[in-house]
Amino acid sequence: MDSNFAAAELDTHPAGELKYSRTIADLPCPKGRWFFGNSLELRGRQSHLTVAKWIREFGPFFRFDTMGTQLVVIADRDTADSILRDRPAGFRRSKGTKVVMNELSIGGVLTAEGDDWRRQRKLVMGGLSFEVVRNFFPTMVFMTERLMQRWKAALAEGRAIELHRDMKSLALDIIMGVATGHDLNTVGDDEKLLVDNIDSMMKRLEQRLVAIFPHWRHFKLPVDREVDRSIANVKQTLMAIIENTRERMREQPDLHQKPGNMLEAMIASSDNPESGFTEHELISNAILNVIGGEDTTANTLAWMINLLAENSAAAAALTSEVDMVLGDAAVAADWEQMKQLPYLEAAHSETQRLRAVAPLIGVVSNEDCVVAGIFIPKDTPIIVSTTGEGMDETYFPQHEQFKLERWIFEQKPHKEDDPARKLFPFGGGPRMCPGRFLALTQIKLVISMIMHNFELELEADAPPVEQVMNFFIGPSAVPVRLKLRA
Ligand code: HEM
């Protein structure tokens, strides 16, 4: 921690005289190469690990250089929090990321700014609120149980279970269910075409974001044609659902006043010329939902399964908790049970600390400003680490280890000692992840179902699991077998 700079000291008043004690040039910077700077070290699928290594080496405030552009990294929790809170006025998302995402038809609220963002955010938040998730809980239980029955049948018939792909299917079914009221049942689809299409979009997104030359704007390679086909398939599925919903809303016009889910609310808005919500925004938010809702939650679940399989003491503690709460039921069926799982919540926090799926958030300053005593000129790209202090030995002794006890307290700790304050896996401020209630509920429901019904068996001789970045970070494999519990 850099104690010379008061954390959260954030001055964003362009008209006034800005007071600062150092400039970006004064910040430490990893040694780079001629012309390329540090960009070559960041090209692989593990660039987040390079940034994490630099945080350990240079501390919570440093810069790096990508071919002449200086990027500032902020890993100090309070300063990061202040930046994330000062959106959309003080900081925006990067325009380069927005352009690449929009080329792949991904955008919506995630890449919108100003009034466009406010309008879309209201609709998305309304569709994923705590209340909405609680009302949708019985359907989530049904979908989780459907997956469990499929796994039990697969084990009885000696068929292999693909845990990571099944997590993606379930996440897709759940987000589509809550947002549109449709049951896609991709869990029951052996081909998993839609899951593969989304995988292809995420892979291409990551490759294009780090590409030195944007070849796809000049000529298309087979991989670019493949992603075009994936986008067309995803759009076709969503357009059919949108058309179907429109038809229903024509038959029941009162749904325009009282929409039952996010899609109905968006259609009602796009049908109202005064709302400013366009057809294009409707489709891009529908695509964003399937992408944002699928990979994030599925990757977190996949990491959690790996970590629990590797840590038998933690798995045993979690199993006793879940057995006590669920009793004779195979799957949690009562919303209240979701509040009785402190070890499961601890397992989620430990997973996000050690294997965050979104460890870095990119922002750009809208004006000249001062952040923690550093003068930041207008249009400076900044990377905020959501887990920067999670690997700090002072706050998390034996930080490499997966230990649930560090999150279990007899009494809630004082604000300063609360480890939960050190991490913010869902971001912060007004743009904080609107899917967090849904994701956390799904994670509790699925992990409690797994621990209550199955044992996790680590595959012997499996190669080490790597962290792979496809925009979100996921495991290269889930080398874990499910065994039915006695
Ligand atoms: C474990 C699961 C998840 C994690 C770790 C996660 C993480 C994040 C993070 C770090 C951000 C950026 C927040 C910021 O800029 O401050 C974000 C934004 C967002 N997430 Fe999630 N997310 C998860 C699940 C979901 C789900 C299930 C949805 C449902 C569709 C979702 C939809 C979104 C959207 C739409 C945004 C953009 C919000 C905006 O810009 O206003 N996420 N998420």
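These legends describe close-up views of a predicted model. Residues are numbered from 1 along each chain as its sequence is written, and side-chain values use heavy atoms, with hydrogens and water left out. In this predicted model, local features need pLDDT of at least 70 and side-chain atom pairs count only at pLDDT 80 or more, while totals for chains, interfaces and linings use all residues.

**View 1. The second largest pocket.** This pocket has a volume of about 830 Å³. A pocket is an open set of points on a 1 Å grid over the protein atoms alone, where a 1.4 Å probe fits, with protein on both sides within 12 Å along at least five of seven lines. Grid points are joined across faces, edges and corners, and a volume is the space filled by probe spheres set on the points. The second largest pocket is lined by 29 residues; lining residues have an atom within 4 Å of a point. His 348, Ser 349, Ala 420, Pro 425 and Leu 440 lie nearest its centre. At least two lining residues come from each of α2 (77-85), α12 (342-354) and α13 (436-453). Helix α12 gives the most, with 6 residues. Helices are DSSP runs (H or I, at least four residues), numbered from the N terminus. The lining holds 15 nonpolar, 6 polar and 8 charged residues. Here Ala, Val, Leu, Ile, Met, Phe, Trp, Tyr, Cys and Pro count as nonpolar, Asp, Glu, Lys and Arg as charged, and the others, Gly among them, as polar.

**View 2. Arg 77 and Asp 78 in helix α2.** Helix α2 holds Arg 77 and Asp 78. Arg 77 is buried, with a relative accessible area of 14%. Asp 78 is partly exposed, at 29%. Buried means under 20% relative accessible area, exposed over 50%, and partly exposed in between (1.4 Å probe, protein chains only). Beyond residues up to four places away in sequence, Arg 77 touches Glu 389, Arg 421, Lys 422 and Phe 424. Contact means heavy atoms within 4.5 Å. The side chain of Asp 78 makes a polar contact of 3.4 Å with that of Arg 421. Such a contact is a pair of N or O atoms within 3.5 Å; within protein, one must be able to donate a hydrogen and the other to accept it, and residues adjacent in sequence count only if both atoms are side-chain atoms.

**View 3. Nonpolar cores.** The largest nonpolar core has 100 residues, of which Trp 151, Ile 305, Ile 447, Ile 450 and Leu 456 touch the most other members. Helix α10 (residues 279-310) gives the most to this core, with 15 residues. A second, separate core of 19 residues includes Ile 74, Leu 84, Ile 382 and Val 384. A nonpolar core is a set of buried Ala, Val, Leu, Ile, Met, Phe, Trp, Tyr and Cys residues joined through side-chain atoms within 4.5 Å. Leaving aside neighbours within four places in sequence, Ile 447 contacts Leu 301, Met 304, Ile 305, Leu 308, Leu 318 and Leu 344.

**View 4. The largest cavity.** The structure holds 1 cavity of 30 Å³ or more. The volume of the largest cavity is about 80 Å³. In a cavity, the probe fits but cannot get out. Lining residues include Met 176, Leu 238, Met 262 and Asn 289. Helices α6 (163-180), α8, α9 (262-271) and α10 each supply at least two. The lining has 10 nonpolar, 2 polar and no charged residues.
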